[in-house]
Amino acid sequence: MTKKWHKESIVYQIYPRSFMDSNGDGIGDIRGIIDRLDYLKDLGVDIIWLSPIYKSPNDDNGYDISDYRDIMEEFGTMQDFELLLSELHRRSMKLIMDLVVNHTSDEHQWFKQAKSSKDNPYRDYYIWRKGRNGRPPNNWVSVFSGSVWEMDEGSEEYYLHLFSKKQPDLNWENPKLRKEIYEMMKWWLNKGVDGFRMDVINLISKAPELPDAGDTGSELQWGGEYFVNGPRIHEYLREMHREVMSAYDVLTVGETVNVTPELAVSFSGDDSEQLDMVFQFNHMVLGLRNGTKWYPEQWKLKDLKTIITEWQTKLHGKAWNTIFFNNHDYPRMVSKFGNDGCYRVESAKMLAVLMFTLEGTPYMYQGEEIGMTNVAFEDLSDYRDVETFNAYNSLVKEQGMLHEDFMKALYKVGRDNSRTPLHWDDTDNAGFTKGEPWIKVNPNYKEINIKKEQSNPDSVLNCYKELIRLRKQHKALVYGKYIPLLEDDERIFAYKRVHSDESFLILLNFSEFPTEAELPSDIMRDKLELIHTNYRNKASLESKVFEFSPYEARIYKMS
Ligand code: TEU
Ligand code: CA
C-alpha cells in the first residue's frame with residue numbers, strides 16, 4: 001500500500017459561518033479562523049476543509065456560488081484568505097477548499113447571461129428543456145423538495161435544479177463549461193490551496209434524455225438512476241484529473257451519495273486516476289427509512305457494524321476510506337450515535353476511539369472534539385436551513401404532516417443541529433460573537449465549551465488530543481488490516497487492526513448498560529496491554545470475561 005501524506009493526516013472541517021466571528025456582525029469569518037489556528041494546531045489537526053467561502057447570496061449557506069473567484073463579503077476579502085493560507089502553511093498545516101461545481105447560484109454571471117436569451121453563448125452552461133403541456137419536463141423530485149424544474153418566464157423553458165431553485169445545475173455535457181471549471185480550479189491551486197472537497201461530485205453527469213423516474217407521467221419521485229453516478233461520470237473525473245489534478249500534489253475527496261464499495265473503488269481506487277478518496281453515506285443514513293429523511297427511526301448497532309466492516313474490508317488494499325460520523329449536513333455524532341444525556345462525555349470519547357482507530361482519513365467536524373450536541377429550538381423561525389423550510393412547506397403545509405411531528409424529526413435530523421456556533425467559552429453567545437449570532441447558540445454552552453474542556457485533563461477535548469497522538473505514533477492504526485470480532489453482539493463493537501510490526505484490539509460498548517463480552521480464545525489476555533480507555537482506573541484483565549461500563553472504550557496493544 002502506497003503511503004501518502006493525506007492518508008496519515010487528520011482533517012478538521014470548518015463551517016465558517018459558525019466558527020468564530022471577529023468583527024461582531026454575528027457571522028463567523030476568515031479573520032476569526034486565523035485567530036484560532038493555534039487551537040487547531042494544538043489539537044493535532046493537519047488539514048482544514050473549509051466549507052464554501054466564495055461569493056454567494058447564501059440561499060444554501062454558500063453552496064450557491066455567484067463568483068468562483070471571489071470571497072463572500074461577510075467572510076472577508078481575498079487578502080484575508082491569502083493571509084489564512086500563509087498562516088496555515090507557516091504552521092505546516094494544509095487547506096482544502098469546497099468545490100461546488102454541480103451547480104452555481106442563479107445570481108452567477110453565467111446564469112444571468114444564460115437566462116437573458118436562448119442564443120446567448122452561456123445558455124448551454126445550464127440544462128434547459130421545454131415543458132410538457134404546461135407541466136415540467138420530467139417528474140424528478142429535488143433533494144430540497146418539489147420539482148427539480150423551475151420555469152423561466154422569459155424563454156418559456158424550464159431549467160434543472162437538483163437542489164434549491166436558486167441552485168441551477170451546470171451542463172457538464174458542454175466542453176466549454178468543463179474547461180472553464182478546470183481553469184478556475186487551477187487558479188486556486190496556483191494560489192497554493194492543497195486540494196478540494198468536491199460537493200455532490202457524482203451527480204454531475206445526467207442521462208441526456210432526462211427520462212421520467214419510475215412510470216412515465218407518475219408523481220414526483222427520486223430520479224437518481226438518471227443522475228447519480230451517471231453515464232459520463234468517470235470520463236469527466238478522469239478528464240479533470242488529467243487536465244488539473246495530475247500536475248499538483250494535492251488531496252481530492254469526492255462527496256458521493258448512493259455509492260457501494262465497488263463504486264468507491266472505481267472512483268478512488270489506487271489506479272483510478274480520478275479522486276483520492278470519497279465520502280460515502282451508508283452509515284450516515286442509518287435509521288432514515290428508505291432513505292427518507294423526515295421519518296427517522298432508531299438505528300441498530302449491528303447495522304452500523306455491518307456497514308463499517310463492509311467498507312473497511314472491501315476497500316483495504318484497493319482504495320482509501322474516509323472516516324466521519326457528522327458534518328454540516330447531519331446531526332451531531334454524540335446525539336445520533338452516542339448518548340447526549342447522562343453519558344455524553346463517555347459516549348463522545350467512545351466515538352472518538354472509533355474515529356481514530358479505523359482505516360481511512362479521519363474528518364472531524366467543528367465542535368465534535370468537545371462533544372457538542374443537537375439543538376431543539378422551540379420555534380421554527382429560529383431555524384435557518386433552506387432544506388428545512390422547503391421540507392416544512394411540502395410535508396406540513398401541502399401533505400398534512402403534523403407540525404409537532406415535523407419538529408420532532410427536525411430535532412433529530414435537521415442540518416442546523418450541527419450549524420449552531422462553536423462554543424469557545426461560557427461568556428455571552430459562547431464567545432462566538434460580540435453581536436447577535438446569525439443562528440442562536442445552543443443553550444448548553446455554559447456546560448460544554450472549549451475553555452472548560454481545556455482546563456480539564458479528563459475532558460473530551462483532551463481525549464481527542466490523546467487519540468490523535470496515538471494514531472500518529474502507531475502506523476498500524478492508519479494502515480493495519482481491520483478484522484471484525486463478535487459480529488453478532490448487539491452491544492459491543494470489537495475489531496483488531498493488524499499490521500506487520502504491531503497490532504491492536506479495540507473494544508467499544510455502544511450501550512448505556514454494563515455489559516460483558518467473551519472474546520475468541522486465540523486472544524491471549526496476558527498478551528494485551530491497555531493503552532487507552534475512557535474510564536479511569538478500570539479495565540482490569542483478571543476476570544475471564546471482559547466487563548464494560550456504559551459506553552466504555554478500550555484500546556489494547558497485542559503482543
Ligand atoms: O450535500 C449533498 C446532499 O445530498 C445533501 O443535501 C444531503 O442529502 C442532505 O443534506 C441530507 O439532508 C452537499 C452539501 O454538503 C450540502 O450542504 C449542500 O446543501 C448540497 O450539497 C448542495 O450543494
Ligand atoms: Ca463577522
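Hi everyone, let's start with a pair of helices: helix 4, residues 78–90, packs against helix 6, residues 175–191, with the axes 11 Å apart and an angle of about 55° between them. At that angle, helix 4 and helix 6 are therefore oblique to each other. If you'd like to find the contact on screen, look for Met78, Phe81, Glu82 and Leu85 on helix 4, and for Trp187, Trp188 and Lys191 on helix 6. By type, that contact has five nonpolar residues, two charged ones and no polar ones.

Before we go on, please keep in mind that this is a predicted model. How confident is the prediction, going by the average pLDDT of the protein chain? The chain averages 96, and 98% of the residues score at least 70. Going element by element, the highest mean pLDDT belongs to strand 1, residues 11–14, at 99. The lowest belongs to strand 19, residues 546–548, with a mean of 90.

Helix 8 covers residues 261–268 and helix 9 covers residues 301–315; their axes come within 10 Å and cross at roughly 40°. Helix 8 and helix 9 are therefore oblique to each other, and the crossing is right-handed. Helix 8 brings Pro261, Glu262, Ala264 and Val265 to the contact, while helix 9 brings Glu310, Trp311, Lys314 and Leu315. Sorted by type, the residues of this contact are five nonpolar, three charged and no polar.

While we're in this part of the chain, have a look at the loop between strand 10 (251–255) and helix 8, where you'll find asparagine 258. Its phi is near 50°, a positive value in a residue other than glycine.

Which way do helix 12 and helix 13 run relative to each other? Helix 12, residues 386–398, and helix 13, residues 403–413, pack at an angle of about 150°, and their axes are 11 Å apart. The two helices are therefore roughly antiparallel. Their crossing is right-handed. On the helix 12 side, the contact is made by Thr388, Ala391, Tyr392, Leu395 and Val396, and on the helix 13 side by His403, Phe406 and Leu410. This contact of helix 12 with helix 13 has six nonpolar residues, two polar ones and no charged ones.

Further on, the loop between helix 13 and helix 14 (450–455) holds asparagine 429. For asparagine 429, too, phi is near 50°, a positive value in a residue other than glycine.

Last topic: charges. Side chains of opposite charge can pair when their charged atoms come close. How many salt bridges does the structure hold? There are 43. Let me show you one of them, between aspartate 70 and lysine 55, where the closest N and O atoms are 3.2 Å apart. This pair links distant parts of the chain, with the two residues 15 apart.

Notes:
Residues are numbered from 1 along each chain as its sequence is written. Chains are lettered from A and ligands numbered from 1 in the order in which they are written. This is a predicted model: local features need pLDDT of at least 70, side-chain atom pairs count only at pLDDT 80 or more; totals for chains, interfaces and linings use all residues. Side-chain values use heavy atoms; hydrogens and water are left out. Axes are lines fitted to C-alpha atoms, for helices over the stretch in contact, and angles run from 0 to 180 degrees between N-to-C directions. Helices (H or I, at least four residues) and strands (E, at least two) are DSSP runs, numbered from the N terminus. Angles under 35 degrees count as roughly parallel, over 145 as roughly antiparallel, 65 to 115 as roughly perpendicular and the rest as oblique. A crossing is left-handed if the near helix is turned anticlockwise from the far one by less than a right angle, and right-handed if clockwise. Contact means heavy atoms within 4.5 Å. Ala, Val, Leu, Ile, Met, Phe, Trp, Tyr, Cys and Pro count as nonpolar, Asp, Glu, Lys and Arg as charged, and the others, Gly among them, as polar. pLDDT is the predictor's confidence in each residue, from 0 to 100. A salt bridge is a side-chain nitrogen of Lys or Arg within 4 Å of a carboxyl oxygen of Asp or Glu.
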